[in-house]
Amino acid sequence: MTNTQLVNTVTPVIQCIRTHRTNTWWDEHLTEDNASFLKKVVTEEYKQQTTDKLNPLKDEPWPRHEWVEGSRRVGLVAVKLGMMPVWTKSGERHVVTMLQVQDCHVVKHLSKEEYEGHTAALIVGGKNVSPFHRPEGYLEVFRNAGVPPKQKLTTFCVSDNAIIKPGTPLYAAHFRPGQYVDVTAKTIGKGFQGVMKRWGFKGQPASHGQTKTHRRPGSLGPGGDPAKVFKGKKMPGRMGNIYDTTHGLKVWRVNTKYNILYVNGSVPGHRNCLVKVRDSILPTRLENNKNPPFPTFFADGDEEIPEDLYDQDMFQFGEPMAE
Amino acid sequence: MAAACTSRTRQMMGLLRILRNFSQNERLLSTSVLRHNVASDGPPKFTPPSKPVIIDKTQKEASLRRFLSPEFIPPRQRTNPVKFSIERKDMIQRRKVLNIPEFYAGSILAVTMTDPHVNGNMNRFIGICIQRSGKGLGATFILRNVVDGQGVEICYELYSPRMRKIEVLKLEKRLDDNLMYLRDALPEYSTFNFDMQPVHYEITGDVPVNLLKVKMRPKPWSKRWERPKFNIKGIHFDLCLTPEMMEHAQKWAEPWRPYDMLKEYDTSSLEEHIFKEVQENLRK
């Protein structure tokens, strides 16, 4: 595969310049044996790294503080699994979304000065991903933290008493049933959409003489006085595939074995997409978020947590029927 | 005549002699056997009486057929199988508390639910199951009955905490999986008495199929049931539609559908796996 360069002769015609292609894919120049060996080595390395982080003696964990009113703690990165129904003890039916926390680690700590001058920040990474298709700069951050590379990185603004050492794993037990949570994710992309779907315009009637006008935006604004269309006018365009947040979702149940959060209602994003979960900022829900596991839930073995944590009002399926 | 008498008497005598000999021989045989035992073992071995077999008639026997409820089979989607396995755990936990029997579309069920607005708190409804839909915990079934001349359909959720008892009064299958056409059939096909007693059904062997073809009310119907997309075999079309109308309905036939490879969903291996899992966990 030799890339030839056209010799520049003195002609006024537009030249086509072929550049040297410098990047190759990771196993282009490797034999099959080498490639399979690398894959094996990488998975073993990941396992080693995760088990290292679970053991607090090898690390020197940063000091843990108590929860104070007004302190902000980290959130999690989770995978949206799907939805299922849930019943209260009185028989009311609600729907919940299941969010699974897969390999969530704190990757970097940015102090107040580094971040913005007001609050410190913690960068948290989500699902594990192979290092072969990522650029070097991206992988460097993870190497410094001693953690396998992640698919999604998010920043959480955090108060100073809630900082965590990079490399600590985060679990679903960080949130408890009865707490309220905000979930941010990229919405499902709908492509180029018309004004009725995108902005909820009413359109025009289907009959009674309408000529070729049923889903159009109609008028674009007032007439001759401004003599222009204002900036931000709602018009057709690309819809979806943007970050959106749903606020104030109640956590009904937490499964500590598989690290799954059962969160009320629906959440933006498609199935198996990565979402950012954090404590709710709604002022009416601050009461419910008191005394959480602070700065996070550590699985050292201090407290024995049952496999499933349920909210008070929730109907548990193994309950015997009351007569 | 005298000769016949004598021959008969001779025969009788012969028989008597044989009988006497036989009885003597028997006695000889029996005594010899006893003596034989006494000689070899000592006192005869004590065989305890067989244990009494307790037949519990209060609970219905569980079906011995290999039946997996359709809501356990996950739909063909790009979801993580972890989600389905966790939902299945919840479903099995609920099934340990509430017995959900085997039933199909076309069986007659009696369902008892808690209802805060009723005096005795319980609400019992009997009807024919016309549809079973939904997967996982949100599985539902619709029961239809005609009460005081008014057709009533109630959609129940199998795993709702308000369900108290589900009894199968008559277990049978029909020619179709979806009996929504009973809404347009004559009301006699949907009426069932509320005092109906359970009909005995076999717990082994095949489920009986009712080959009933239903007579319909005059058209218009709520849906065009003669069209091939519904694929209904349980309606007696000859009595309500002319052959021309049947041919006209065939215009909406889609003969390529059975060959559509993207719609193929082979659940046999999944079913076996899930069936084993469910049986194991229910026994725990």
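Which helix of chain B do the buried residues of H5(B) pack against? They pack against helix H2 (81–97) of chain B. This is a predicted model, in which local features need pLDDT of at least 70 and side-chain atom pairs count only at pLDDT 80 or more, while totals for chains, interfaces and linings use all residues. Residues are numbered from 1 along each chain as its sequence is written, chains are lettered from A and ligands numbered from 1 in the order in which they are written, and side-chain values use heavy atoms, with hydrogens and water left out.

Of the 284 residues of chain B, 34% count as buried; buried means under 20% relative accessible area, exposed over 50% and partly exposed in between, with a 1.4 Å probe and protein chains only. A contact is a pair of heavy atoms within 4.5 Å. Among the contacts in chain B with a separation of 6 or more, 68% join residues 24 or more positions apart.

Helix H5 of chain B (residues 268–283) can now be seen in detail. Within H5(B), the residues Ile274(B), Phe275(B), Val278(B) and Asn281(B) are buried. They cover an arc of only 140° around the axis, so they are on the same side of H5(B); the arc is that of the directions from the helix axis to the C-beta atoms. The other side of H5(B) carries the exposed residues Ser269(B), His273(B), Lys276(B) and Arg283(B). An α-helix has 3.6 residues a turn, so residues three or four places apart point the same way.

Helix H2 of chain B also holds Glu87(B), a residue that is buried at a relative accessible area of 6%. Beyond its neighbours within four places in sequence, Glu87(B) is in contact with Met84(A), Gly136(B) and Leu137(B). Thr79(B) lies in the loop between H1 and H2 of chain B and is buried, at 10% relative accessibility. With neighbours within four places again left aside, Thr79(B) is in contact with Leu81(A), Arg271(A), Asn272(A) and Phe84(B).

The nonpolar cores come next, a core being a set of buried Ala, Val, Leu, Ile, Met, Phe, Trp, Tyr and Cys residues joined through side-chain atoms within 4.5 Å. The largest has 42 residues, and Phe141(B) and Tyr159(B) have the most contacts inside it. Strand E1 (residues 76–87) of chain A gives the most to this core, with four residues. Residues touched by Phe141(B), not counting those up to four places away in sequence, include Phe103(B), Leu109(B), Cys129(B), Cys155(B) and Met163(B). A second, separate core of 33 residues includes Leu76(A), Ala172(A), Val277(A) and Phe294(A).

Over all chains the count of disulfides (cysteine sulfur atoms within 2.5 Å) is zero. For Cys129(B), the nearest cysteine sulfur is that of Cys155(B), 9.9 Å away. Cys129(B) is buried, at a relative accessible area of 0%, whereas Cys155(B) is partly exposed, at 48%.

Eleven aromatic pairs are found over all chains; rings of Phe, Tyr and Trp (its six-membered ring) pair if their centres lie within 6.5 Å, and planes under 30 degrees apart count as stacked, over 60 as edge-to-face and the rest as tilted. The rings of Phe315(A) and Phe317(A) have centres 5.7 Å apart and planes at 85°, so this pair is edge-to-face. Phe315(A) is buried at 8% relative accessible area, and Phe317(A) is buried at 2%. In chain B, the rings of Phe67(B) and Tyr104(B) are also edge-to-face, because their centres are 5.2 Å apart and their planes at 65°. Phe67(B) lies in the loop between helix H1 (2–40) and H2 of chain B and Tyr104(B) in the loop between H2 and strand E1 (108–114) of chain B, so the pair ties together parts that are 37 residues apart in sequence.

Terms used
Helices (H or I, at least four residues) and strands (E, at least two) are DSSP runs, numbered from the N terminus.
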